[in-house]
Structures are given as structure tokens and as C-alpha cells.
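User: I would like to learn how to read the features of a structure like this one. Can you take me through it step by step?

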Amino acid sequence: MSDLFNFPIPHIDWYAILPVIIVAITGGLALVVEMLTPKRNNNLIVSVCLSGLIIAGGALLFNVGPNGLGETFGGMVVSDPFAIAMQVLLILAAGLSILFSDGYLREKRVPFGEFYPLVMWSTCGAMIMVSTQNLLMIFLGLEVLSIALYVMAGMSRSEENSEESALKYFLLGAFASGFLLYGIAFVYGATGSVHLSAVTAAWKTGDASMHGLLLFGMAMMLIGLSFKSAFVPFHQWTPDVYQGAPTNVTAFMAAGSKIGAIGALWRVLDGTEALAHYWMPVLFWVAILTMTVGNLVALVQKDVKRILGYSSIAHAGYILVAVLAHFKNQPYAGINTVVFYLLSYSLMTIGAFAVISLSAKSGKEITGIESLNGLWKRSPLAAWSLVIFMASLVGVPPMAGFVGKFLIFTDAVRAGLTPLAIVLAVNSILSIYYYLGIARAAFVADDDAPVRSGTMNLGLASACVICAGGVIACTLFFTPLSSLLGIAR
């Protein structure tokens, strides 16, 4: 009987998992604060969440360096430069989304304090996804990320669009999770392990039937992760969910969910490099379709949130080019291109949605392009911030978006993916039209229309300043920033 309890205890590096624990506990603490405090405002909950994120970020930076690297929890958690950098980005995205949310939710008449712990737990799920090579841990992180997002997307219960977006996201998300889990089952059947390191060994020693199981499992997993990353043709949910969900939820979804999905995709591709000659051509065409479809459809949209939804699809294609360039030419194309572009994308996207949140007033929100008319009179800070974000999304120097696209273009050419580099350049030119239209709308006079705008509170102003300043600072301090995150070439 005693033999039942005679098993080796795996080594646990608590520092490696401390940031995730801090974020999860902070979410629970925020929920307790929400239950015990008066509902006049959520300032205390916001303070608790932001403090927890800052502490978690400090714990992450403590792990930077050779002493913080390696696997723990029996190989279920990995701490490496990529995991640390991506988790820092997730904490930043969550913090910025929380920063401008309270004023928006009150104007929207949905000042639910539950939003904040949900953001924390969703962030926790994404942090798990990017810091593991265990397929079941990736699935667990994906579900934690997604379930919280399903709830947040339907938070505005009195609006049909919000309920519709939550239902669509839930049904399609569950469908995609099924594909991912089905693929994991096939990989386990072929390798006898849920650790990605087993795939290469199984591919080298297996026969044709085992190769078939691995390829089918890989295809299913890519479908599931493509949904979360909003790659074409698994992108249909994106514009509808972005438009219907509350704007602060859309901001976090556009940045946090994409960082988690790209991080998980990176882990899967890294663990299945032995199959690269199969998945590389497929993802090559997926990247072309994602960039092109996202930009072409965005040209005819009239709603700002839908435009940024299709823009998000296009940017997913840009990021996929950087990922493919890395795996095609690893000695040159490091992880800093992907991490830097995700950082710049998060800053300019969350900042843009923060500005759009001003369209909420007295329980209503109008997000057509015309809702931005006269913004330069009502809120000059928001208007000029929006110009900076649109310029960076286009790729105007010296904005971070320009540096990010230049890095992707250079990596793609050096990796022999010149067609992808050309498609990226052409699509960047196409995007000028609709980004310029959004920026122009903020400076169009609208004297005859009634003023419909929420207030520029401290949280919203801070989010705009941080995002706008960050878009510029990322370019000026690219080298020390790369060194800080441990991702220098």
C-alpha cells in the first residue's frame, strides 16, 4: 500500500510560476473587494488590479537572465526569454485595458466590478498558454482565457449586439477548442506524450501510419489556434464580436487574446519543426490571405470597430509572416521581431479603442466613423492621440509600427520569403485609405450635430498618453528595450 505513495516529486521553481499566481490571486482579491465595497465607483478594484499587475511584472523581470530559465512542474511550465517577454506584453495589455475601463463602463451604464477579475483571470490563461510546451496546459490556458472573454463580451446585457457577439464567440470558440483538443488527442496517440518535445522523436522513428496521425493532429491544432489568432479563413467571428462587445473588452480581446494565441502557435510550431515542410507552405498562403482579406474588406467598412476588427485580422497576417521568417531562418530571425511587433500593435490598438470609448454617453454608444467628427474640439488629446495610433498602424516613421513592419519585411527577405514581404508592403499601402479616414474624421467639423461624447477622465487620459508615448518610445529605445526583455539578436 505504501508503494502507492512512493512517487518522485517534481522540482518546482516557484519563481517561474510566481507571476501567474500573483495575477490569479489578484483576480480573486478584486472579486472579494467588489463584493464588500459600495458601488459608487470601482476605484479600489482598479487600484488592486493595477497593483497586482505591477507586482507580477516585477516578478517577471526578476526572472530575466540565465538563473530564471528552464522547465519546472515536470515539464509543464517553461521559463525562457520568449515566455517572459510575452507575459510582460500580456500584463501591459491587461493594465492598459483596465486603466480606461471604469469611466467607459459608467457611461455605458454597465459599471460591473466583475469585469476586472475576469480580465485578470483571462490574462492568467494567456500567460499559461505562452509559457508551456505541454499541449494540455496550452488547452487549459486557452479555456481560461476564452471563458472569461465569453462573459465579458456579453456584459452589456441590455444590447442585442453584445448578446449576439457573446453567443457567436462562445459557439465558434467552443468549436475551435474542439478542433484543438481533437488534434492533441491524435498527437498523444502517435507519441504517447502531450509534451511537444516528443513529436520530433516520434516523427523520426515512426512509420507511415504514425506520420499520418501526427499530420492530422497538427492540422487540427492549427485550425483551433488559427481561430484564436483570427487567421483567414477562420476569421469570420472577429468583426461581429469586436463590434458587439463593449469597447474596453474589444481592446483587451484584440491585444491580449492575440498575444496568447500567437504565443501558443509559436510553441506548437517550435515543437513540430520536423513537420515544417508540411505546415510551412500552408501557413505561407494563410498569411497572404489573412493580410489581403483583412485589408480589402476593411476598405468598405463604415463602423470604426469593424474597421479595426478587419485591421486586426490583417495585422495577424503580418505577425504570421514574422513567425514563419523565424522558423525558416532561425540563425538570423530571432524572437525580437515578433515580440516587438506585438508590443507596438498592443499599444496602438488599445490606444485606438480607448479613444473610441469616448463615443459612449448616457448608456448609448455610436461607433460609426461620423461619431468621431469634431473630436478635436471636444478632446484635443484624444484626437491627436488617435492620429498617432493611425500613423503607427499604417507604418509611418518614426512610429513603432514602421519599425515593426520594417523588421518583419527584412526578416522575410533574408529568410527567402520575398513574396510574403511584397504582399506585406502592398497591403500596408492599401491600409492607408481606411486609417487615414479614421484620423481625418476626428478633425472634421460637426457643428450642426449634437455633441455626443463621454468625458476624458484621468484613466482614459493616462491610457492615451501611455499608448501614444509608448508608440514613439519603442522606436527611440528599441535596443535597451530588447535587452531588458532578454530578446536581443
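Analyst: Gladly. Keep in mind that this is a predicted model. Ala415 sits in the loop between α17 (400–414) and α18 (418–441).

User: Is Ala415 buried or exposed?

Analyst: Compare the relative accessible area with the 20% cut-off for burial. Ala415 has a relative accessible area of 9%, so it is buried.

User: Which residues is Ala415 in contact with, leaving aside its neighbours within four places in sequence?

Analyst: Ala325, Lys328 and Asn329. His326 shows the sequence separation: it is 89 residues from Ala415 in sequence, yet 7.8 Å away in space, C-alpha to C-alpha.

User: Next, helices. What should the span of α5 be, and what is it?

Analyst: Start with the general idea. An α-helix has 3.6 residues a turn, so residues three or four places apart point the same way. Now the case here. Helix α5 covers residues 115–130, 16 residues in total. At 1.5 Å a residue it should span 22 Å; the end C-alpha atoms are 23 Å apart, which agrees.

User: How many residues of α5 are buried?

Analyst: 15 of the 16, so α5 is largely enclosed by the rest of the structure. Asp102 lies in helix α4 (residues 101–107). Its relative accessibility is 12%, so it counts as buried.

User: How do I read aromatic pairs?

Analyst: A pair of aromatic rings is described by the distance of the centres and the angle of the planes. This structure holds 20 aromatic pairs. Take Trp203 and Tyr278: the ring centres are 5.7 Å apart and the planes are at 75°, so the pair is edge-to-face. This pair links distant parts of the chain, with Trp203 in helix α8 (residues 197–205) and Tyr278 in helix α12 (residues 276–298), 75 residues apart. Trp203 is buried at 12% relative accessible area, while Tyr278 is partly exposed at 41%.

User: What kind of pair do Phe227 and Trp237 form?

Analyst: A tilted one, 5.1 Å centre to centre with 35° between the planes. Phe227 lies in helix α9 and Trp237 in helix α10, so the pair ties together parts that are 10 residues apart in sequence. Both Phe227 and Trp237 are buried.

User: Finally, what lines the largest pocket?

Analyst: The space in the largest pocket is about 520 Å³. Its lining has 22 residues, with Val88, Ile91, Leu92, Leu343 and Ile466 nearest the centre. At least two lining residues come from each of α2 (43–62), α3 (81–99), α14 (336–356), α19 (458–476) and α20 (478–484). α3 gives the most, seven residues. By class, the lining has 19 nonpolar, three polar and no charged residues.

Notes: Residues are numbered from 1 along each chain as its sequence is written. This is a predicted model: local features need pLDDT of at least 70, side-chain atom pairs count only at pLDDT 80 or more; totals for chains, interfaces and linings use all residues. Side-chain values use heavy atoms; hydrogens and water are left out. Helices (H or I, at least four residues) and strands (E, at least two) are DSSP runs, numbered from the N terminus. Buried means under 20% relative accessible area, exposed over 50%, partly exposed in between (1.4 Å probe, protein chains only). Contact means heavy atoms within 4.5 Å. On a 1 Å grid over the protein atoms alone, a cavity is a set of points where a 1.4 Å probe fits but cannot get out, and a pocket is an open set with protein on both sides within 12 Å along at least five of seven lines; lining residues have an atom within 4 Å of a point. Grid points are joined across faces, edges and corners, and a volume is the space filled by probe spheres set on the points. Ala, Val, Leu, Ile, Met, Phe, Trp, Tyr, Cys and Pro count as nonpolar, Asp, Glu, Lys and Arg as charged, and the others, Gly among them, as polar. The expected span of a helix is 1.5 Å times one less than its number of residues. Rings of Phe, Tyr and Trp (its six-membered ring) pair if their centres lie within 6.5 Å; planes under 30 degrees apart count as stacked, over 60 as edge-to-face and the rest as tilted.
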